[in-house]
Amino acid sequence: KPAEQDFEITQDDPGPIIGNSGTKVWADKEKLMFATGDSVHYPYTVKLVELYTPKDMIYYQMPSTSGLTLLTTAGEVRVRAFKDNQELVLRPTMTWTIEIPNAAPMANMLIYYGDVSGTTVNWVDNTAGSFTVTAYGYSGDIAQLGWVNCAKATSSPATATYTIGSSTDNLDNVAKFLYFPNLKSLKQVTSQTASNLPVGESVKIILIGMSSGTPYTFYSNITVAQDSTFDVSLTASSDAALTSLLDGLGGL
């Protein structure tokens with residue numbers, strides 16, 4: 001999965017820090033504080049994770065869903081700040097500006113924040129913040145640090161439920177994902193049932209497991225039509241083949 005990038009901030013700089021994938025962050029020290037409310041002094045560190053392909057989202061296990069609602073996403077990023085190994089927060093009413101690169105930005109994209117519970121993240125639009133379309137892609141003012149998603153909710157007049165099981169394999173520790181390429185949305189299935197799937201949409205079903213260091217996969221590309229039950233079997237793969245499979249999902 002993509003490595004977290006570290007940026008040491010040692011002095012005032014009007015320009016942004018820029019991630020490997022093009023995320024821009026205007027990291028204003030005066031808007032930061034310790035959790036106790038104390039001010040922050042140089043130097044401090046900004047940490048950045050950028051997820052701009054379904055492959056990266058799968059490797060990070062970061063689907064683009066809010067509850068059962070699929071989100072069309074232009075990218076998920078995690079922006080954090082640290083001083084002396086203590087995580088920093090934004091002062092009340094303060095924001096940092098970020099820019100998300102995109103060659104064909106869409107209107108009405110909102111700022112969703114990641115609500116972390118254990119190892120899962122649910123995307124929540126809890127501040128009514130939005131992204132503005134720019135020549136670079138999207139610009140938004142984030143009111144909290146952590147996971148941020150440039151996204152908007154999808155809707156469908158008809159939905160279906162998929163049940164995924166196997167008569168040959170134990171799927172308890174197998175990662176299960178549904179990727180909707182036209183919606184640019186990724187759903188992770190944490191049980192055997194995936195509900196609220198939009199009828200008529202193309203979906204790529206990807207299952208990934210590991211056994212004795214060897215990856216095992218299942219892949220199918222279908223159109224959601226009705227409630228369905230799938231009996232799947234995983235086949236032995238390789239790191240190169242798995243990477244090729246996920247690269248084939250395209251970009252956001």
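**Ser 202 and its surroundings**

I looked up the side chain of Ser 202 and found that it makes a polar contact with the side chain of Asn 221 at 3.4 Å (a pair of N or O atoms within 3.5 Å; within protein, one must be able to donate a hydrogen and the other to accept it, and residues adjacent in sequence count only if both atoms are side-chain atoms). I note that this is a predicted model, in which local features need pLDDT of at least 70 and side-chain atom pairs count only at pLDDT 80 or more, while totals for chains, interfaces and linings use all residues. Residues are numbered from 1 along each chain as its sequence is written, and side-chain values use heavy atoms, with hydrogens and water left out. Ser 202 lies in strand 20, residues 202-211 (strands are DSSP runs of E, at least two residues, and helices runs of H or I, at least four, numbered from the N terminus). Leaving aside neighbours within four places in sequence, I find Ser 202 in contact (heavy atoms within 4.5 Å) with residues including Tyr 179, Pro 181 and Thr 223.

**Backbone angles**

I then checked the peptide bond from Tyr 42 to Pro 43, which is cis with omega near -10°; Pro 43 sits in the loop between strand 4 (32-33) and strand 5 (44-51). Gln 61, in the loop between helix 1 (54-59) and strand 6 (65-66), has a positive phi of about 50° although it is not a glycine. Asp 84, in the loop between strand 7 (69-83) and strand 8 (86-87), has a positive phi near 50°. Most residues other than glycine have a negative phi.
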